[in-house]
Amino acid sequence: MQIDKNLIEKLKASKSIVFFTGAGISAESGIPTFRGKEGIWNKLKPEELANFDAFLKNPELVWEWYNHRKKIIHQSQPNQGHIAIAEMQSALGGFPEVAVITQNIDNLHRRAGSKTVYELHGNIERNYCIKCRTFYNEELDFSKGIPKCKCGGLIRPDVVWFGEYLPENQFDASEKTAQNCDIFFIVGTSAVVYPAASLIFTAKQNKAYLVEINIEETEISNYADWSFYGEAGSILPQIINEIKKFHNNSH
Ligand code: BJW
Ligand code: ZN
């Protein structure tokens, strides 16, 4: 794979770099994506699972889905893609701010060591009561059915379903970061879910250089200034390697 020297120069000159990530970055950790060839939603309909009415109608089914995914997530490890992102700042000499804006709920960026991580769609490790909003972040007990709060309300995972607002502080901080970054990487996302995908256009309107990394073309490929087609876990480490080589040659 050829990595453009201009991109390396741009990376070195950047003050702020953003990685906007989706399910594809965790695919190589063994966590299925939603859409695309191997997507779980080829088999399961999102509207039956990822919305509040579905939860009220059939909380057992929705919890079964989340508990199944939680098990897969707990058995998985951050891959070379997550690790390369976490290493990017030091590879570039520690100067640029590196922020991760993720749509994933799997915690793998933090586990890989990334420090600034904005979670747009929540986190599977947290839960809350649908009635009084008390948080229950410990392991829940399903032995007597769907866990309930002290107030009697059902407990749900702290994730963002269709028709629900994104956590305001996470979205606002992401928007500010997108407005002020020099390079905006779009990694492993189909970029069809809004308002998360709108951040791509926010960054572009504010003159960020857009770099897409995906195994296939997506809705936003035409907007990208540079595209890498391949697995994130192989492309991101190659970018780090090029940065290191470039550093060594220029000293
Ligand atoms: C690799 C790879 C490898 C594979 N290396 N790449 C019409 C127009 C615009 C918007 C709307 C509309 N109709 C409705 C809406 C709004 C709706 C929306 O966007 N719908 C569209 C789908 C049409 N959005 C919402 O409802 C949002 N809220 C909202 O708008 O609030 C305002 C409001 C409030 C009240 C009333 C009305 C409006 C909320 C969206 C919440 C999304 N939630 C989910 C579930 C989260 C919890 C969970 O995980 O269970 O978030 S849905 C799901 O999609 C999940 C993901 O974060 C999100 C994005 O998916 P992602 O990450 O892009 O994954 P995939 O699978 O789609 O793509 C994977 C990619 O990786 C592919 O491209 C592969 O090629 C690639 N890949 N392996 C690199 N190894
Ligand atoms: Zn409650």
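Student: How far is an oxygen atom of ligand 1 from a polar backbone atom of Gln103?
Tutor: That separation is 3.0 Å. Keep in mind that we're looking at a predicted model.

Student: Noted. What about Ala23, how far is an oxygen atom of ligand 1 from its polar backbone atom?
Tutor: There the distance is 2.8 Å.

Student: How many residues surround ligand 1?
Tutor: The count is 36, with Arg35, Tyr66, Thr189, Ser190 and Asn214 as the closest.

Student: What does that shell look like by class?
Tutor: It has 18 nonpolar residues, 12 polar ones and six charged ones.

Student: Which helices each supply at least two residues of the shell?
Tutor: Helix 2, residues 24-27, and helix 5, residues 59-75.

Student: OK, switching to the metal. What coordinates the zinc ion, ligand 2?
Tutor: Four cysteine SG atoms do, from Cys129, Cys132, Cys149 and Cys151, at 2.2 to 2.3 Å.

Student: What's the geometry of the zinc ion site?
Tutor: Tetrahedral, with the angles among the four donor atoms running from 103 to 117 degrees.

Student: How are the donor residues spaced in sequence?
Tutor: The pattern for the zinc ion is C-x2-C-x16-C-x1-C.

Student: Is Cys129 buried or exposed?
Tutor: Cys129 is buried, because its relative accessible area is 0%. Cys132 is another story: its relative accessible area is 37%, so that cysteine counts as partly exposed.

Student: Let's move to the backbone. Where is the cis peptide bond that involves Pro195?
Tutor: It runs from Tyr194 to Pro195, with omega near 5 degrees. Pro195 itself belongs to the loop between strand 6 (183-187) and helix 9 (198-205).

Student: Why flag that one?
Tutor: Because most peptide bonds are trans, and, while we're on the backbone, most residues other than glycine have a negative phi.

Student: What is the phi of Ala191, then?
Tutor: Positive, about 55 degrees, although Ala191 is not a glycine. Ala191 is also in the loop between strand 6 and helix 9.

Student: Is Ala191 buried or exposed?
Tutor: Buried, since its relative accessible area of 3% is under the 20% cut-off.

Student: Now some contacts across the chain. Where does Val18 sit?
Tutor: Val18 is part of strand 1, which covers residues 16-21. Its relative accessible area is 0%, so Val18 counts as buried.

Student: Where is Trp161 found?
Tutor: In the loop between strand 5 (155-159) and helix 8 (168-179). Trp161 is buried, with a relative accessible area of 2%. Its C-alpha is 8.6 Å from that of Leu49, and the pair is 112 residues apart along the chain.

Student: What about Tyr118, is that one buried or exposed?
Tutor: Buried: its relative accessibility is 19%, and the label applies under 20%. Tyr118 lies in strand 3, residues 117-119.

Student: How far is Tyr118 from Ala173?
Tutor: C-alpha to C-alpha, 7.6 Å, for residues 55 apart in sequence.

Student: Last one. Where is Asn79?
Tutor: In the loop between helix 5 and helix 6 (80-91). Asn79 counts as buried at 8% relative accessibility. Arg35, 44 residues away in sequence, is 20 Å from Asn79 by C-alpha atoms.

How values were computed:
Residues are numbered from 1 along each chain as its sequence is written. Chains are lettered from A and ligands numbered from 1 in the order in which they are written. This is a predicted model: local features need pLDDT of at least 70, side-chain atom pairs count only at pLDDT 80 or more; totals for chains, interfaces and linings use all residues. Side-chain values use heavy atoms; hydrogens and water are left out. A residue is near a molecule or strand if one of its heavy atoms lies within 4 Å of it. A polar contact is a pair of N or O atoms within 3.5 Å; within protein, one must be able to donate a hydrogen and the other to accept it, and residues adjacent in sequence count only if both atoms are side-chain atoms. Helices (H or I, at least four residues) and strands (E, at least two) are DSSP runs, numbered from the N terminus. Ala, Val, Leu, Ile, Met, Phe, Trp, Tyr, Cys and Pro count as nonpolar, Asp, Glu, Lys and Arg as charged, and the others, Gly among them, as polar. Donors are N, O and S atoms within 2.8 Å of the metal (3.2 Å for Na, K and Ca); water is not among the atoms, so sites may look incomplete. Four donors count as tetrahedral if all angles lie between 85 and 135 degrees; four count as square planar and six as octahedral if opposite donors are over 155 degrees apart and all others between 65 and 115; anything else is irregular. Buried means under 20% relative accessible area, exposed over 50%, partly exposed in between (1.4 Å probe, protein chains only).
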